[in-house]
Amino acid sequence: MKNIARLFFIGFLLFNFWGRGFIVGGSLNTVYAQEQGDWKQEYAEICAKTQNAMELSVAELKDRIERADKLQERINKLEGPLAETEKKVFTKRLKMCRELYSFALEYKEHKE
Amino acid sequence: MVHIKKILSVFIIALTVPVLASAADYSESLQYLLPPAEYFGQVVLDNYSQKAGVSPVTFDHWLHRAKFTCRLCHIDIGFAMKEEMTEISAADNVNGYYCGSCHDGKRVFDGREIFDSCAEDYTENEGKRCARCHSDAESGARKYKYKTFSEKLTKLPGNLIDWEKAESEGKIKVTDFLEGVSYKREPLKAQDDFSIKTKTWTADVIFSHRKHTVWNGCELCHPLIFPSTKKGTTQYSMKQIMKGEYCGACHMSVAFSVWLCDKCHITPVKQ
Amino acid sequence: MKKAIFITGLLFSIIGIAFAQTGVKKKRPLPYEFGRVVINNYSEASNIAPVVFDHWLHRAKFTCRLCHVDIGFAMTAGASDIKARDNINGYYCGTCHNGTRMFGDTSAFSSCKEESGSMNATCDRCHSLGKNVTRKYDFREFVKGWPKERLGNGVDWEKAEEQELIMPYDYIEGVSIKRAKLVVQDDFKIVSKVKGMPNIIFSHEKHTVWNGCELCHPEIFVGIKKGLTQYSMVSIYEGKFCGVCHNNVAFPLLDCQRCHLQEVK
């Protein structure tokens with residue numbers, strides 16, 4: 001009984017971390033495609049608080065800056081026909097918002 | 001070495017004595033440096049005139065100078081300070097900019113309607129009106145003559161009009177505000193007068209902010225002609241002034257000539 | 001040694017001022033020309049007339065923030081590096097100028113097209129430098145009856161908005177992020193160092209209504225605390241700090257009294 005359970009467990013793990021790619025193959029592209037579009041959503045979420053940046057806590061500002069830096073890395077790796085334009089445009093847009101958060105963070109840390 | 005220096009300085013000072021003493025003959029020598037008084041301040045505008053088949057415009061400052069402050073035309077209306085830099089076209093005038101701000105056939109000034117400037121098309125009859133500007137000053141098309149106009153006004157050496165005295169004697173009344181063109185502003189406090197140290201043997205210059213701002217406001221000179229607000233930051237020489245920069249923007253062509261040295265170099269010679 | 005350094009420094013500052021083209025006045029743009037930007041990153045190289053962009057029309061319809069933050073235009077001519085391809089891809093001008101986006105009951109005409117080759121009348125609407133192009137909107141007609149001001153465009157934009165003659169868009173669907181409500185920072189005083197010049201009262205409220213926060217901070221104003229960034233009128237005239245906007249699009253610096261408001265006793 002225990003062995004069967006162990007087998008199931010290992011099978012489960014394999015399925016999740018390795019098998020999924022083969023079994024669910026096609027849908028991986030969808031996931032990837034979604035990821036491609038997700039970055040715009042991520043940008044919208046990160047930069048949604050620029051109008052009240054001074055009200056955010058130090059922790060939240062740091063978090064958003066970190067997310068912005070990660071997002072920038074994703075933007076740098078964009079591919080496709082729109083990639084060149086989107087890299088240029090979103091680098092600028094993201095930079096403005098990231099720098100503002102950094103500005104607000106510096107203000108708060110300086111005050112303390 | 002010291003002896004030579006002493007001799008040289010005495011020699012130079014000795015030279016200045018006859019120059020200063022002949023101040024009375026000053027105006028005679030000015031005739032070689034200045035144009036005849038009625039042409040002083042004349043500006044010829046030919047950005048597009050000749051191309052359009054009309055005479056270039058000759059604008060004599062003296063008439064407008066007697067009626068309006070420098071500020072009104074050069075700030076409120078927006079004329080540039082250098083010949084042909086404004087690039088005025090007939091269309092601009094017709095649209096009520098530049099000359100057309102006043103010369104629109106409707107604006108009343110001094111109890112009279114100001115004649116209309118440029119028109120889209122003009123007939124031969126209208127040519128007379130065009131010639132009031134698009135002509136040589138002595139062509140006879142002008143309404144006012146310098147000689148008659150300036151007869152009763154006090155003159156400076158060189159037969160130039162002493163505008164300061166003319167105003168203080170009440171002989172001219174200068175307008176600084178035109179409806180529809182000027183906008184009322186809180187007047188900025190007039191800055192102090194100050195002295196400008198010269199680097200040569202000439203007397204220091206006493207610069208009067210008060211006198212200049214009465215006619216020019218602040219914007220005419222700052223920042224384009226004098227960019228710094230801290231005395232001493234902008235360094236310039238007479239050479240640049242003679243080229244029409246700094247003080248020369250006005251005092252080489254329209255305001256009292258730079259050749260009247262003692263109007264600015266006022267303090268006693270350094271001992 | 002000190003003297004040499006001092007003289008060199010003095011020389012450099014003089015040269016700096018010399019290059020700043022001082023001492024003479026220049027032509028002042030007419031009301032309909034004020035705010036004009038010529039964009040020529042690639043036009044001339046592609047044998048097309050460079051783009052002439054007059055701010056006043058867009059100024060009346062959109063906030064500064066919408067174009068310069070949401071869409072992402074830079075604040076100096078040429079710095080955005082706009083290509084026809086970017087417009088076709090729906091960015092920069094192409095964000096709105098795609099032939100379908102509606103503003104009220106008009107659609108913004110389509111900018112750059114796929115087919116390269118001959119230019120047409122639509123291209124000329126923007127690529128008009130040196131050409132005699134009749135624009136759709138005539139400046140004088142457009143601002144007729146609007147509250148006037150001196151200098152710049154000759155229009156009191158603030159009053160025009162108060163009187164609802166203009167109602168600038170601040171949000172475009174699919175482009176603008178849904179942001180939290182703007183929290184306005186305080187107005188404050190900037191002390192003028194020149195004796196007799198009134199102090200400046202800086203209104204955060206007026207600026208943020210049109211600009212949001214990111215447009216100025218930190219790119220234009222980097223100091224996190226008032227007084228950290230020191231600047232003079234000279235740098236402003238050179239197009240830095242306040243001069244980024246107030247040299248050629250917002251009310252010009254010639255209008256001293258618009259900022260120097262607080263009489264110093």
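**Close-up views of a predicted three-chain model**

**View 1. The largest nonpolar core.** The largest nonpolar core comprises 38 residues, and those with the most contacts inside it are A:L94, A:C97, A:L100, A:Y101 and A:A104. A nonpolar core is here a set of buried Ala, Val, Leu, Ile, Met, Phe, Trp, Tyr and Cys residues joined through C-beta atoms within 7 Å. A residue is buried if 20 or more other C-beta atoms lie within 10 Å of its own, exposed if 12 or fewer, and partly exposed in between, with C-beta atoms placed from the backbone. The model is predicted: local features need pLDDT of at least 70, side-chain atom pairs count only at pLDDT 80 or more, and totals for chains, interfaces and linings use all residues. Residues are numbered from 1 along each chain as its sequence is written, and chains are lettered from A and ligands numbered from 1 in the order in which they are written. At least two residues of this core are supplied by each of α2 (25-46), α3 (58-76) and α4 (83-111) of chain A, and by each of β2 (51-54) and α3 of chain C. With 10 residues, α4(A) provides the largest share of the core. Helices (H or I, at least four residues) and strands (E, at least two) are DSSP runs, numbered from the N terminus. Because domain 1 (22-178) and domain 2 (180-265) of chain C both give residues to this core, the core lies between them. In soluble globular proteins, nonpolar side chains tend to be buried together.

View 2. Leaving aside neighbours within four places in sequence, A:C97 is in contact with A:I46, A:C47, A:T50, A:A68 and C:E214. Two residues are in contact if their C-beta atoms, placed from the backbone, lie within 7 Å. A second, separate core has 31 residues and includes B:M81, B:L224, C:Y237 and C:L253.

**View 3. The two domains of chain C.** Chain C is divided into domain 1 (22-178) and domain 2 (180-265), with bounds that come from an automatic or database domain assignment. Taken over C-alpha atoms, the centres of these two domains of chain C are separated by 25 Å. In this contact, 11 residues of domain 1 of chain C meet 12 residues of domain 2 of chain C. Helix α3 (residues 64-71) of chain C gives the most to the domain 1 side, with four residues. That side of domain 1 of chain C divides into four nonpolar, five polar and two charged residues. In this classification, Ala, Val, Leu, Ile, Met, Phe, Trp, Tyr, Cys and Pro count as nonpolar, Asp, Glu, Lys and Arg as charged, and the others, Gly among them, as polar.

**View 4. The three-stranded sheet of chain C.** An open sheet of three strands in chain C has the order β5-β6-β7, with antiparallel pairing. Its edge strands, β5 (188-190) and β7 (260-262) of chain C, each pair on one side only. The twist averages 60° from one strand to the next; axes are lines fitted to C-alpha atoms, for helices over the stretch in contact, and angles run from 0 to 180 degrees between N-to-C directions. Three bridges join β5(C) and strand β6 (residues 199-202) of chain C in the antiparallel sense, where pairing requires that DSSP finds at least two bridges between two strands. The bridge partner of C:F188 in β6(C) is C:F202.

**View 5. Contacts of chain C with chains A and B.** The contact between chain C and chain A takes 23 residues from chain C and 24 residues from chain A. On the chain C side there are nine nonpolar, five polar and nine charged residues. Towards chain B, 22 residues of chain C are in contact with 35 residues of chain B. Both α1 (2-19) and α9 (233-237) of chain C supply at least two residues each to the chain C side, and α9(C) gives the largest share, three residues. The chain C side that touches chain B divides into 11 nonpolar, four polar and seven charged residues.

View 6. The domain assignment of chain B gives domain 1 (1-30), domain 2 (40-150) and domain 3 (185-271). The centres of domain 2 and domain 3 of chain B, taken over C-alpha atoms, are 29 Å apart. Eight residues of domain 2 of chain B are in contact with eight residues of domain 3 of chain B. On the domain 2 side, helix α4 (residues 70-77) of chain B contributes the largest share, four residues. B:K143 is placed in the loop between α6 (127-130) and α7 (146-150) of chain B, and B:K143 is exposed, with 7 other C-beta atoms within 10 Å.
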